[in-house]
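Visitor: Please take one part of this model and look at it closely. I would like to know how that part sits among its neighbours.

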Amino acid sequence: MPPQANELTTVIGLGNEYLSDDGLGILAVRQVAGRLNDSGITFQELSIGGLELLDHIVGYKRCVIIDAIATGTCPPGTIHRFVRNPGSEAVTISSSHQLDLMQVLTLGRILGADVPEQVTVYGIEAGDITTFRSGPTPEVAGSLPALVDAVCADLRAHHPLPHLPEGEWQILETHEVQ
């Protein structure tokens, strides 16, 4: 659905609630929406990826995407953030949905679509994205409050986040169950 004139930001939770940690994007966007009462923000829960995502981001100035990621380099529950500001070089960002967000943005620009100037991707390192189970693993569930805090703080800032070095994810927090 196209944004209304007063909607400048979209926050998208990606995932499948019935595949353990894969559903964390949906859980997180619900919690962020419950905390923020801002008519300039649209919240979306989606189980899509790739080119389909373009329909959900066109017309917004700012886009925040929350999803499970599997880098294999950090323990489950680690919170990552990637910021792409205007003028940033293209960087491939992949998730369990095989979402190559930068290719989608580049194609959108080539097609003349009004794609967001700033895209921020938040991910929690997943431990299990294949088991049919409602709810995340303990490591991911334990990181969810810190993730929601970080997304809310960034959205309340109402200005672009500082650009991170090209092609690098920022680790916001590492969480390990004791």
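Guide: Take strand E1, residues 9-14. This is a predicted model. Six of the six residues in E1 are buried, so the strand is largely enclosed by the rest of the structure. The cut-off for buried is under 20% relative accessible area.

Look at the two faces in turn. Thr9, Val11 and Gly13 lie on one side, and these residues are buried.

Now the strand partners. E1 pairs with strand E2, residues 41-46. The sense is parallel, and the pairing runs over six bridges. Within this pairing, valine 11 stands opposite phenylalanine 43 of E2. To get from E1 to E2, the chain passes through helix H1, residues 24-35. This β-α-β crossover is right-handed.

E1 also pairs with strand E3, residues 62-69. Here too the sense is parallel, with five bridges. Glycine 13 has isoleucine 66 in E3 as its bridge partner.

For a contrast, turn to the surface. Leu51, Leu107, Ile110 and Leu111 form a nonpolar patch there. Together they have about 420 Å² of accessible area. One of them, leucine 107, is found in helix H3, residues 101-110. Its relative accessible area is 33%, so leucine 107 counts as partly exposed. That class lies between the buried limit of 20% and the exposed limit of 50%.

Terms used: Residues are numbered from 1 along each chain as its sequence is written. This is a predicted model: local features need pLDDT of at least 70, side-chain atom pairs count only at pLDDT 80 or more; totals for chains, interfaces and linings use all residues. Side-chain values use heavy atoms; hydrogens and water are left out. Patches are made of residues with over 30% relative accessible area and no salt bridge: like charges are joined within 9 Å, nonpolar side chains (Val, Leu, Ile, Met, Phe, Trp, Tyr) within 5 Å. Accessible areas come from the Shrake-Rupley method with a 1.4 Å probe; for residues, only the protein chains shown count as cover. A salt bridge is a side-chain nitrogen of Lys or Arg within 4 Å of a carboxyl oxygen of Asp or Glu. Helices (H or I, at least four residues) and strands (E, at least two) are DSSP runs, numbered from the N terminus. Buried means under 20% relative accessible area, exposed over 50%, partly exposed in between (1.4 Å probe, protein chains only). Two strands pair if DSSP finds at least two bridges between them. A crossover is right-handed if, with the strands pointing away from the viewer, the path from the first strand over the helix to the second runs clockwise.
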